[in-house]
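Visitor: I would like to learn how to read a few features of a model, one at a time. Could you take me through them?

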Amino acid sequence: MTNRRNIFSRFFRLLVMLHKISYAHFTEWNNKRKRKAFAAGIYFLSILPEFVLLAGTFLAARGQDGYVHLVNVPQKVVFYGLAGLAVLLSAIPLGFFDDKKICKEVRQELRERPRYWKRAIAVYWAVIVAMVATANIVFPTFSDKTMPPENERTEVPQRWRDYLSLRFAIVARQETPNEVLQRLIDQDGRTTRYGKPVYAMQVRKEDMAGEFRVGLLSHATFEEIRDGRRKFVECTWVKGYTPDSIRILLTVWYEMKKVELCPVDSLEWTEDMEF
């Protein structure tokens, strides 16, 4: 038990000293230049490795929509473990109060064992980079591998560039549906396998100028759409790709009613079509 305590205390002292070295370095640098405004940033500079670890973990867990999605236990273990470790290590410099004492201690340590601490810093950064790399490997490896049948497999890169091209092609808008509306859209069994739509928008009178939405006039008059007496929601998904790498898109129109969202029309089209 004593040996274990000694090993733990030595390891903890090593972590503390690594943070003290960076803290003392930036403190002395700031004191020489007398930049008091920069003093508040010394803490953040001393936890730069932990910030890299935390940012790398979030980037690894981020989905195509920009949000963190943890779909299984391995991903949760890696995400919460690394994020929690980064937060705990970031708390070490919060106990540094006496700057002069810390700088004196660091100078003495560097005089006695300069190579040891240079290697320790290099190893510490190498471990941080390795953990970030591991997180970026684990998340894709343990992602949800549930795939549709072979003849229905599609790629769904729902990103800003996907929406931007539709903005010019069919005057699409990216609106944020409320929770109830989003839940109703997600319940449509025909489109759930395509993930989140590239965009979702309410059809307004200015959207009826072209031929793309002319099919809605079979369900409502232009005046009803213009006055808001009949409300329709338009959603578009990337369904797949042609052999020529042209996107196959699926657009579904829903009528908004009091307690439900009723699909009224749909159109499967390719990006090279003109309306």
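Visitor: Which exposed residues does the face of helix 4 turned away from its buried side carry?

Guide: Before that, note that this is a predicted model, in which local features need pLDDT of at least 70 and side-chain atom pairs count only at pLDDT 80 or more, while totals for chains, interfaces and linings use all residues. Residues are numbered from 1 along each chain as its sequence is written, and side-chain values use heavy atoms, with hydrogens and water left out. Buried means under 20% relative accessible area, exposed over 50% and partly exposed in between, with a 1.4 Å probe and protein chains only; helices (H or I, at least four residues) and strands (E, at least two) are DSSP runs numbered from the N terminus. On helix 4, the face turned away from the buried side carries Val73, Val77, Tyr80, Val87 and Leu88 as exposed residues.

Visitor: Which residues of helix 4 are buried?

Guide: They are Gln75, Val78, Phe79, Leu82, Ala83, Ala86, Leu89 and Ser90. Seen down the axis of helix 4, the buried residues fall within an arc of 130 degrees (taken from the directions from the helix axis to the C-beta atoms), so they line one face of the helix.

Visitor: How is a pair of aromatic rings described?

Guide: Such a pair is described by the distance of the centres and the angle of the planes. Rings of Phe, Tyr and Trp (its six-membered ring) pair if their centres lie within 6.5 Å, and planes under 30 degrees apart count as stacked, over 60 as edge-to-face and the rest as tilted. The structure holds six aromatic pairs; in one of them, Tyr116 and Trp117 are edge-to-face, at 4.9 Å centre to centre with 80 degrees between the planes. Phe212 and Trp253 form a tilted pair, with 5.5 Å between centres and 55 degrees between planes, and this pair links distant parts of the chain, 41 residues apart, with Phe212 in the loop between strand 1 (199-202) and helix 9 (222-227) and Trp253 in strand 3.

Visitor: Is Trp253 buried or exposed?

Guide: Trp253 counts as buried, at 2% relative accessibility, and Phe212 likewise, at 6%. Nine of the ten residues of strand 3 (residues 247-256) are buried, so this strand is largely enclosed by the rest of the structure.

Visitor: In which sense do strand 2 and strand 3 pair?

Guide: Two strands pair if DSSP finds at least two bridges between them. Strand 2 (residues 231-241) and strand 3 pair in the antiparallel sense over ten bridges, with Glu234 opposite Trp253.
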